[in-house]
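Visitor: I would like to learn how to read the features of a protein model, one at a time. Could you take me through this one slowly?

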Amino acid sequence: MDLVAVIYKETDHFPKEEQFSLTNQIRRAALSVPSNIAEGAARQTKKEFIQFLHVAQGSLSELDTHLEIAKRLGFLGEPNWQALDFQADRIDKMLSGLIRHERRAEASGVHGAVRGKA
């Protein structure tokens, strides 16, 4: 959720004419990541949770593309882009690890894995 807060702060500085296009797309993609993790955690099966984790990864990839576009258009400076890219990469690695963990648990028949807040 820290990434969402940073994204909102960064996109506040984007041109006003981008408010309903790139700014909105970036914010929606960023919001989608923790939202899908939370929704998946509330599902009944590990398979459903894993599916939502994959959707969260897809949203993260979408966010990465939008941020690259913002950088190329000059809306996002290189240092800020690098910091966001680093944070997104870290989240992607955590999601990948969680997916692996959940798949192993699903395969071994472990039920009721403890899930923290997304």
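Visitor: In which hand does H3 pass H4?

Guide: In this model, which is predicted, H3 passes H4 in a left-handed crossing.

Visitor: What else describes two helices that pack together?

Guide: The general idea is that two packed helices are described by the angle between their axes and by the distance between the axes. In the case here, the axes of H3 and H4 come within 10 Å and cross at roughly 165°. Angles over 145 degrees count as roughly antiparallel, and H3 and H4 are therefore roughly antiparallel to each other. By class, the contact of H3 with H4 has 14 nonpolar, three polar and eleven charged residues.

Visitor: At what angle do the axes of H2 and H3 cross, and within what distance do they come?

Guide: The axes of helix H2, which covers residues 22–41, and helix H3, which covers residues 46–72, come within 8 Å and cross at roughly 165°. H2 and H3 are therefore roughly antiparallel to each other, and their crossing is left-handed. Sorted by class, the residues in the contact of H2 with H3 are 17 nonpolar, six polar and two charged.

Visitor: How many helices and how many strands does the protein chain have?

Guide: The protein chain has four helices and zero strands, so that, read from the N terminus on, its elements run α-α-α-α. Its C-alpha atoms fill a box of roughly 50 × 25 × 20 Å, taken along the principal axes, and of the 118 residues of the protein chain, 36% count as buried.

Visitor: How should I read a pair of aromatic rings?

Guide: A pair of aromatic rings is described by the distance of the centres and the angle of the planes. Here the count comes to one aromatic pair. Phe14 and Phe75 form this pair, with 5.6 Å from centre to centre and 45° between the planes, and the pair is tilted.

Visitor: Which parts does the pair tie together?

Guide: Phe14 lies in the loop between helix H1 (2–11) and H2, while Phe75 lies in the loop between H3 and helix H4 (78–108), so the pair ties together parts that are 61 residues apart in sequence.

Visitor: What sits over the ring of Trp81?

Guide: The charged end of Lys71 sits over the ring of Trp81, at 3.8 Å from the centre of that ring.

Visitor: How far apart in space are Tyr8 and Leu76?

Guide: Tyr8, which is found in helix H1, is partly exposed, with a relative accessible area of 31%. Although Tyr8 and Leu76 are 68 residues apart in sequence, they are 13 Å apart in space, taken from C-alpha to C-alpha.

Visitor: How far apart in space are Leu31 and Ser96?

Guide: Leu31 has its place in helix H2, and at 37% relative accessibility it counts as partly exposed. Leu31 and Ser96 are 65 residues apart in sequence and 19 Å apart in space, again from C-alpha to C-alpha.

Methods: Residues numbered from 1 in each chain as written. Predicted model: local features only at pLDDT ≥ 70, side-chain atom pairs only at ≥ 80, totals over all residues. Heavy atoms only, no water. Axes fitted to C-alpha atoms, helices over the stretch in contact; angles between N-to-C directions. Helix = DSSP H or I, 4+ residues; strand = E, 2+ residues; numbered from the N terminus. Parallel < 35°, antiparallel > 145°, perpendicular 65-115°, else oblique. Left-handed = near helix turned anticlockwise from the far one by under 90°. Nonpolar A, V, L, I, M, F, W, Y, C, P; charged D, E, K, R; others polar. Phe/Tyr/Trp six-rings, centres within 6.5 Å; stacked < 30°, edge-to-face > 60°. Lys NZ or Arg CZ within 6 Å of the ring centre and 35° of its normal. Buried < 20%, exposed > 50% of the residue type's maximum accessible area, 1.4 Å probe, protein only.
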